[in-house]
Amino acid sequence: MTEASRGSTAIVVGASATLAFVILRAVVAWGGHEPLAVDVWWHDLMLALTSDVWIVVAWVPAVVGGTVGMIVIGVILIVVLVWRRRRGDAATLAVAMVAVVAIGATMAAVIGRTRPADSLAESVATSFPSGHTAVATTVVVMLGLLLRRRAVWVAGAAWVLLMMWSRTYLQAHWLSDVVAGLLEGVAVATLVWACAESVRARRLARSRRAASFPDEPIESSVNP
């Protein structure tokens, strides 16, 4: 796949994720921000499967993917990319992480959807979308696009699914909240990456033109 086609695909995926998010947001708003039927079904299923052991397991991604955990992970990833002389990729990852947090936190505060009443984690009314899921998805998709390794995609997908399960198992979010977080993360990561690649491609094109047509000395029209 060429760089141009990868960029086009990323834009299509990002736009599709954005549209899906908007539709899901409209459905939730249409229902008065109350849990959807699928939310209730999944919530009851998680309650039926609750055990002390699995609660401990669920807290692992919840803590690692929390504010402090993601700041630490983000700094480590950025430092590693800079150390490997991939400053552009480091900047792209940083922009994506800041953007997804800013967008998600603003939407959650404005929407103010109530979390499940029996939440074992956070209780403030910032349920939609799931910030943990959005940030995890953004980091995974961005690393997949930057590193282009199948192992990154596979491990990343497993981590995102684990995060989504964790947030609903701890009754911190409804199922539609984590799906919204997934869509937000995909949209932010792909669109930020596509913009960064577009800028990089223009700079490369300019440098190639400059190399092909170097400045030539101007000959004097006056005879000696």
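Val135 touches Met70, Met97, Val100 and Val101, leaving out residues up to four places away in sequence. Touching is contact, that is, heavy atoms within 4.5 Å. The model is predicted: local features need pLDDT of at least 70, side-chain atom pairs count only at pLDDT 80 or more, and totals for chains, interfaces and linings use all residues. Numbering runs from 1 along each chain as its sequence is written, and side-chain values use heavy atoms, without hydrogens and water.

**Exercise 1.** Find which residues touch the most other members of the largest nonpolar core.

*Solution.* 
- Step 1: A nonpolar core joins buried Ala, Val, Leu, Ile, Met, Phe, Trp, Tyr and Cys residues through side-chain atoms within 4.5 Å. Buried is under 20% relative accessible area (1.4 Å probe, protein chains only).
- Step 2: The largest core has 24 residues; Met97, Val135, Val139, Met142 and Trp193 touch the most other members.
- Step 3: Helices H1 (3-30), H4, H5, H6 and H8 (175-212) each give two or more residues to this core. H6 gives the most, 8 residues.
- Step 4: A second, separate core has 8 residues, including Leu36, Ile111, Ala180 and Leu183.

**Exercise 2.** Describe the lining of the largest pocket by helix and by class.

*Solution.* 
- Step 1: Helix H4 (67-83), helix H5 (87-111) and helix H6 (131-147) each supply at least two lining residues. Helices are DSSP runs (H or I, at least four residues), numbered from the N terminus.
- Step 2: H5 gives the most, with 8 residues.
- Step 3: The lining has 14 nonpolar, 10 polar and 3 charged residues.

Definitions and conventions
Ala, Val, Leu, Ile, Met, Phe, Trp, Tyr, Cys and Pro count as nonpolar, Asp, Glu, Lys and Arg as charged, and the others, Gly among them, as polar. Buried means under 20% relative accessible area, exposed over 50%, partly exposed in between (1.4 Å probe, protein chains only).
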